Each structure stands twice: as structure tokens, then as C-alpha cells.
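Please keep the sequence and the model in view while reading.

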Number of protein chains: 2
Amino acid sequence: MYTIGQISEMFNLPISTLRYYDMEGLFPQMQRQSGIRKFSENEVEALRVIECLKASGLEIKDIKQFMDWAMQGAETYEKRRELFEARREVIEAEIANLKKMLDMVKFKCWYYETAIKDGNEDGISAMLPDKLPKDIQELYDNAHS
Amino acid sequence: MYTIGQISEMFNLPISTLRYYDMEGLFPQMQRQSGIRKFSENEVEALRVIECLKASGLEIKDIKQFMDWAMQGAETYEKRRELFEARREVIEAEIANLKKMLDMVKFKCWYYETAIKDGNEDGISAMLPDKLPKDIQELYDNAHS
DNA sequence: ACTTGACCTAAAGTCAGGTTTATGTATTAC
DNA sequence: GTAATACATAAACCTGACTTTAGGTCAAGT
């Protein structure tokens, strides 16, 4: 069992955020001891799920919906499975997009390194759009596709 | 040269968002023809950079800062290089985090598939935390590390 | 001529996701 | 006994990133 302060340190989240999540109903199982929140393994796991659903772009109210389903037991297994299947696709798409963004960023790193070396962007401009060094060309093409 | 409507379709962004970006100073080079915005290749590339910096978590005002640097020419190459190096680290960290979240989501997909098959969560509970099927155990361990 | 559609601005409005403030309680440290 | 620390609540406040509204210009089609 943990206090809100301990959980705040464990997850590196402000106490105010944890209380806000609680108010929004994200810890439907949480117990209290004379008014004080008691976070158990149950809530720790809930927080891991919250972070994961948040990372997938889900809104707080939809995370609450999931918590509500979890309280309803076996009859909502299918809904919960569908939710995670959908989040899986969203996260996979997001990773793919970030990889593309990363290639753009890597290209720009090379771009400015080269501009610093040359003192100007003229040499680079002359190589655009398809006469870049092979590995850089790949980054550029991927970032501009 | 493109109109705001064409750019809106190209990037799948609302016209209002493009005008908002312009108001925030993200297209410092943009020309106008009797009041009407003319997006050139320059602005198209700016927008690609905007999307990439946004994806890396940069705020609009910091993207404007970058655009201001770009207007100042060669003297800000180093600042711009440092910015992209920093964004690179942020994006790499974000991809790593999303991969972890993805493992949690995959674990949960298996969890509910199994719960649906079994009609309850008892069998799964009995396998936790370290007697899961090998491939699932890997997902679980990664998601809980 | 007049309607339609695409553009324009300035200003107000919206929304999610917290954070801060003001006030109070309960336990521990000296 | 009193000061510090950690907890509590309700309600107000804040921020970033848009979006909507209200009003206007301008060119093309019928």
C-alpha cells in the first residue's frame, strides 16, 4: 500500500495530477483510510494502463469508460479487447509516423552540419532534390514521401 | 504556387489552422497577391518542418523561434543544428516509450483474448507475474520494467 | 445583376488537461 | 504546546492550440 506522495515519486507525476485522475474516476477501486487515499497494486497497475492509454492518444473520459467496463466484469471482456486492438493500431501508426519525422530531423542535422562546414547552403541546394549522398538521400526521400 | 485551400487538402489541415500558423509567424516568407496568401515550395517545406517539430513536442512559439533563426541566415546555423539534435533525442525517446506502451497493449490484447476463451481471468491471474507463455512473458516484463 | 465559392480579418469562444489557491485535519519532531 | 509535514477538498484559474463568428472583398458563372 502506498500514499499519494509515494505514487507521485514512483510515476514522477504531480500529486495534483493523481488527485485529478481520481476525481475523474480513473481509480474506481481505490480505498481510503480516514479520508486518506491508499494506492494498492491494483491502482499501480491502473496507472500503468492509464499511461499507456494516454500515450496512445486516448482522452481521460475514454479511459474512465474503460475503468467502468473493468468494474462490470466478464460481460465487457470483448469491449475491452476491442479497445486495446484499436489502441494497438493507433500506436503502431504513431511509431511509423515518428520514424518518418525522425528521418526528417536526421536530414536536417546533416543539413546544418554541412552548412556550418561550408559556411552557406549553396552546396546543399545544388544537390537537391536527388543528388544527395546515398544515406542522406534515403532520409530525405523518406521524409518527403 | 498554391492557395490556402490547396495546401489544406495537401496536408489535410483545416484552413483555419493554416491561417493560425501564419498569424503566429510560422511562414515569415509568405507572399500575397492582393491580400491572398500564396504558398510556394518554401512554405510547403516549412509546413513539413512544422509537422515534424510539432510531432517532436515543440510548441508553436518555439517553432516560430526557429523560423526567426532561419530568417537571420548563416549566423544561426549552429542554433538550428542544436535544435534538431535535441529534437532527435526527444523523438528517439518517444519512439522507445511508445514501443514499451505497445508491448503493454499487446499484452492486454492477449489478456482479454484469453479471458474471453476462459470466461474469466482466473487462469491468467494464476500465471502472473512470471509463469506466462514465453512470448507473452516478454511483453509483460517489458511493459512492467 | 446577382449568386456562389474561395478568399480575407479581428475578436471571441472552446476544450482538454491539468494546476493553483484557500482552507482545514492529522501525525510526528522537538 | 507548537511547528513542520503530509494529507484532504472545492473551486477558481491557466495554457496551448485551435475554431468559430461576424463581417467583408473579389472573380467567375448564369
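## Terms and basis

A polar contact is a pair of N or O atoms within 3.5 Å; within protein, one of the two must be able to donate a hydrogen and the other to accept it, and residues adjacent in sequence count only if both atoms are side-chain atoms. The model is predicted, and local features need pLDDT of at least 70, side-chain atom pairs count only at pLDDT 80 or more, and totals for chains, interfaces and linings use all residues. Side-chain values use heavy atoms, with hydrogens and water left out, while residues are numbered from 1 along each chain as its sequence is written, and chains are lettered from A and ligands numbered from 1 in the order in which they are written.

## DNA strand D

Helix H1 (4-11), H2 and strand E2 (36-38) of chain A, together with H2 of chain B, are the elements that give two or more residues to the surface near the strand (helices, H or I, of at least four residues and strands, E, of at least two are DSSP runs, numbered from the N terminus).

H2(B) gives the most, with four residues. A residue is near a strand if one of its heavy atoms lies within 4 Å of it, and of the 17 residues around DNA strand D, A:Thr3, A:Arg19, A:Arg32, A:Arg37 and B:Thr17 come nearest.

## DNA strand C

DNA strand C is surrounded by 17 residues, the closest being A:Thr17, B:Thr3, B:Arg19, B:Arg32 and B:Arg37. Of its atoms within 4 Å of the protein, 79% belong to sugar or phosphate and the rest to bases.

A phosphate oxygen of DNA strand C is 3.0 Å from a polar side-chain atom of A:Lys54, and for the side chain of A:Ser16 the corresponding distance is 3.2 Å.

## Helices H1 and H3 of chain B

The axes of H1(B) and helix H3 (residues 41-55) of chain B come within 12 Å and cross at roughly 40 degrees (axes are lines fitted to C-alpha atoms, for helices over the stretch in contact, and angles run from 0 to 180 degrees between N-to-C directions). The contact, meaning heavy atoms within 4.5 Å, is made by B:Ile7, B:Met10 and B:Phe11 of H1(B) and by B:Val44, B:Leu47, B:Arg48 and B:Glu51 of H3(B).
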